[in-house]
Amino acid sequence: MHALSSCPPARLRPLVGLLTDIDDTLTADGAIAPAALQALFDLHAAGVPVIAITGRPSGWSEPFALAWPVKAIVAENGAVMLRRRADGGLQRDFTQDAATRAENFERLQRCAADLLLRVPGCQLASDSAGRLTDIAVDHSEHAHLAPAQIEAVCAVMREHGLQATVSSIHINGWIGAHNKWTAAQWAVPELTGKPFVAEDWLYVGDSSNDQIMFAHMPHSVGVANIARFVPQLQSLPGFVTEAERGDGFAELARAVLSAKQNCPTD
């Protein structure tokens with residue numbers, strides 16, 4: 001990873017928009033950093049769209065999809081897209097039909113029950129009531145799991161046929177081929193009316209469940225607190241901010257806006 005300060009403005013200037021994680025990228029302890037919220041407003045005012053892609057549940061994400069100046073929040077690792085309608089209400093779209101979601105929900109609940117029986121210290125995430133298409137185990141938000149326990153949770157999830165990823169706070173498990181990368185491929189055309197060209201967008205994140213984006217996106221940034229996960233990552237972001245969490249996102253936003261505002265004239 002290179003320091004974001006070393007990124008040439010010419011690399012940031014052509015960007016169409018930003019894709020971003022939420023937990024510990026925009027937020028700390030579940031609340032958005034004031035600098036990150038201001039950065040979202042600044043990007044919006046400059047015509048730079050932001051799409052958030054998160055492992056957080058639909059229920060947790062809905063108020064932020066309405067309040068933040070983002071094009072949408074794609075929640076539950078690519079399963080649910082939430083956006084504000086023209087009338088101010090909330091639009092909710094899914095990657096799976098209702099019958100598939102109902103069948104998967106039963107399987108997910110069986111897996112959750114098995115996890116609580118088989119992994120000592122395992123606790124479901126406090127936001128579980130808002131989850132429609134996945135389950136989550138808390139490892140760093142309100143509870144703490146050691147690396148061996150985290151690995152045991154992932155193993156049980158996979159035994160049940162789930163995909164499993166580890167974010168900065170939760171271990172998420174779901175059924176289906178969707179993930180953060182497919183979320184970008186779905187959300188960008190749906191929200192902008194234009195094809196998704198990865199080179200036109202930048203992704204910013206902070207943990208191991210972001211590495212699929214670090215691997216696929218030509219432009220990627222980690223906020224400084226990604227240092228906690230670096231030993232576990234097989235794919236790293238190209239650049240890293242000096243500041244952590246939401247302050248790091250604001251640092252990136254300033255760099256992007258500065259690059260665009262200081263475009264050289266012919």
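Reply: Begin with contact, which means heavy atoms within 4.5 Å. Keep in mind that this is a predicted model.

Me: With which residues is Leu18 in contact, leaving aside its neighbours within four places in sequence?
Reply: Leu18 is in contact with Leu43, Pro49, Val50, Ile51, Trp201, Leu202, Phe249 and Val256, once neighbours within four places in sequence are set aside.

Me: Which residues of the largest nonpolar core touch the most other members?
Reply: The general idea is that in soluble globular proteins, nonpolar side chains tend to be buried together. Here the largest nonpolar core has 37 residues, and Leu18, Leu43, Trp68, Leu202 and Phe249 touch the most other members. Two or more residues each come from helix H2 (34-45), strand S5 (50-53), helix H3 (58-67), strand S6 (72-75), strand S7 (80-84), strand S12 (201-205) and helix H8 (245-261). H8 gives the most, with 7 residues. There is also a second, separate core of 23 residues, and Val74, Tyr203, Ile226 and Phe229 are among them.

Me: Which elements do the buried residues of H3 pack against?
Reply: The buried residues of H3 are Ser58, Trp60, Ser61, Glu62 and Ala65. They pack against S6, S7 and strand S8 (90-94).

Me: How many helices and strands does the protein chain have?
Reply: The secondary structure comes to 8 helices and 14 strands. The radius of gyration of the chain is 18 Å, close to the 18 Å that the globule rule gives for 266 residues, so the chain is as compact as a globular protein of that length. Along its principal axes the C-alpha trace spans about 65 × 45 × 30 Å. Of the 266 residues, 53% count as buried. For the contacts with a separation of 6 or more, 59% are between residues 24 or more positions apart.

Me: What lines the largest pocket?
Reply: About 530 Å³ of space lies in the largest pocket. Its lining has 25 residues, of which Ile150, Thr165, Val166, Ser208 and Gln232 lie nearest the centre. Helix H5 (147-159), strand S10 (163-166) and helix H7 (211-216) are the elements that give two or more residues to this lining. H5 gives the most, with 5 residues. By type, the lining of the largest pocket divides into 9 nonpolar, 11 polar and 5 charged residues.

Me: How many residues of the lining of the second largest pocket are charged?
Reply: The lining of the second largest pocket divides into 3 nonpolar, 5 polar and 7 charged residues. That pocket has a volume of about 220 Å³. It is lined by 15 residues, and Asp24, Asp29, Gly30, Glu141 and Ile169 lie nearest its centre.

Me: How many cavities of 30 Å³ or more are there?
Reply: A cavity differs from a pocket in that a probe fits inside but cannot get out. The count comes to 1 cavity of 30 Å³ or more. The largest cavity has a volume of about 70 Å³. Its lining has 14 residues, with Asp23, Thr54, Gly55, Arg56 and Ser167 nearest the centre. The lining of the largest cavity holds 1 nonpolar, 8 polar and 5 charged residues.

Me: Is His170 buried or exposed?
Reply: The cut-off for buried is under 20% relative accessible area. His170 is at 2% relative accessibility, so it counts as buried. This residue is found in strand S11 (residues 170-174). Not counting residues up to four places away in sequence, His170 touches Arg56, Ala125, Asp127, Arg131, Ala136, Val137, Asp138, His139, Glu141 and Thr165. The C-alpha atoms of His170 and Asn209 are separated by 9.8 Å, and the two are 39 residues apart along the chain.

Me: Where does His178 lie?
Reply: His178 lies in the loop between S11 and helix H6 (180-192). It counts as buried because its relative accessibility is 6%. Among its contacts beyond four places in sequence are Glu76, Asn77 and Gly78.

Me: What is phi of Glu76?
Reply: Most residues other than glycine have a negative phi. Phi of Glu76 is near 55 degrees, a positive value. Glu76 is in the loop between S6 and S7, and it is buried, with a relative accessible area of 0%. Arg245 also has a positive value, with phi near 50 degrees. Arg245 is found in helix H8 and is partly exposed, with a relative accessible area of 29%.

Terms used. Residues are numbered from 1 along each chain as its sequence is written. This is a predicted model: local features need pLDDT of at least 70, side-chain atom pairs count only at pLDDT 80 or more; totals for chains, interfaces and linings use all residues. Side-chain values use heavy atoms; hydrogens and water are left out. A nonpolar core is a set of buried Ala, Val, Leu, Ile, Met, Phe, Trp, Tyr and Cys residues joined through side-chain atoms within 4.5 Å. Buried means under 20% relative accessible area, exposed over 50%, partly exposed in between (1.4 Å probe, protein chains only). Helices (H or I, at least four residues) and strands (E, at least two) are DSSP runs, numbered from the N terminus. On a 1 Å grid over the protein atoms alone, a cavity is a set of points where a 1.4 Å probe fits but cannot get out, and a pocket is an open set with protein on both sides within 12 Å along at least five of seven lines; lining residues have an atom within 4 Å of a point. Grid points are joined across faces, edges and corners, and a volume is the space filled by probe spheres set on the points. Ala, Val, Leu, Ile, Met, Phe, Trp, Tyr, Cys and Pro count as nonpolar, Asp, Glu, Lys and Arg as charged, and the others, Gly among them, as polar. The radius of gyration is taken over C-alpha atoms; the globule rule is 2.2 Å times the number of residues to the power 0.38.
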